[in-house]
Amino acid sequence: QVQLVESGGGLVQAGGSLRLSCAASGRTFSSYASTYVMGWFRRAPGKEREFVAAIAWRDGNTYYADSVKGRFTLSRDNAKSTVYLQMSSLKPEDTAVYYCAADQSTLVIATAASRYQYWGQGTQVTVSS
């Protein structure tokens, strides 16, 4: 099993920045971290859950949704088994609950939520105008 814990959400004004963290733990993750793809998704009120970004743990390859490209940046800390989502130039439409997810089924970055086996509890990000 893999446990994911997000942190770093909060309230920020438009144009501001936040950094979300996703700490992964569990025997499976510790032993096979390089086989995981870590993704971020978000769900805004009244909307479907949508893909935000993902990073392949093995090589650091990243992929971003068009809506956040150039504003959000993913990174990882191998020693801490933690993935970071640096969010800059935030907009009110970025307001959502952000979820971290892990996919061990393939080394290819997937944007479909159904491809991810493990999920965190979510962290609220609110951007005021």
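Which residues does serine 21 touch, not counting residues up to four places away in sequence? The reply comes in point 5, after the wider picture.

1. **Basis.** This is a predicted model, in which local features need pLDDT of at least 70, side-chain atom pairs count only at pLDDT 80 or more, and totals for chains, interfaces and linings use all residues. Residues are numbered from 1 along each chain as its sequence is written, and side-chain values use heavy atoms, with hydrogens and water left out.

2. **Overall fold.** Helices (H or I, at least four residues) and strands (E, at least two) are DSSP runs, numbered from the N terminus. In sequence order the pattern is β-β-β-α-β-β-β-β-β-β-β-β.

3. **Size and surface.** The C-alpha trace spans about 45 × 25 × 25 Å along its principal axes. A compact globule of 129 residues would have a radius of gyration near 14 Å, and the protein chain agrees, with 14 Å. That radius is taken over C-alpha atoms, and the globule rule is 2.2 Å times the number of residues to the power 0.38. The accessible surface is about 6400 Å², with 46% belonging to carbon and sulfur atoms. Areas come from the Shrake-Rupley method with a 1.4 Å probe; for residues, only the protein chains shown count as cover.

4. **Burial and core.** Buried residues make up 47% of the 129. Buried means under 20% relative accessible area, exposed over 50%, and partly exposed in between (1.4 Å probe, protein chains only). The largest nonpolar core has 43 residues. Such a core is a set of buried Ala, Val, Leu, Ile, Met, Phe, Trp, Tyr and Cys residues joined through side-chain atoms within 4.5 Å. Leu4, Met38, Trp40, Leu85, Met87 and Tyr98 have the most contacts inside this core. Strand 5 gives the largest share, six residues. In soluble globular proteins, nonpolar side chains tend to be buried together.

5. **Two contact sets.** Contact means heavy atoms within 4.5 Å. Serine 21 is found in strand 3. Serine 21 is buried, at 14% relative accessible area. Leaving out residues up to four places away in sequence, serine 21 touches Val5, Glu6, Ser7, Trp40, Thr82, Val83 and Tyr84. With that exclusion again, methionine 87 touches Gly16, Ser17, Leu18, Leu20, Arg71, Phe72, Tyr98 and Val125. Across the protein chain, residues 24 or more positions apart account for 57% of the contacts with a separation of 6 or more.

6. **The disulfide.** The count comes to one disulfide, where the rule is a pair of cysteine sulfur atoms within 2.5 Å. Cysteine 22 and cysteine 100 form this disulfide, with their sulfur atoms 2.0 Å apart. Cysteine 22 lies in strand 3 and cysteine 100 in strand 9, so the pair ties together parts 78 residues apart in sequence. The torsion about their S-S bond is about -75°, so the disulfide is left-handed. Both cysteine 22 and cysteine 100 are buried.

7. **Strand 11 and its partners.** Two strands pair if DSSP finds at least two bridges between them. Strand 2 (residues 10-13) pairs with strand 11 in the parallel sense, over four bridges. Here leucine 11 stands opposite threonine 126. Strand 9 and strand 11 run antiparallel, joined by three bridges. There valine 97 stands opposite glutamine 124. Side chains alternate along strand 11: Thr123, Val125 and Val127 point to one face and are buried.
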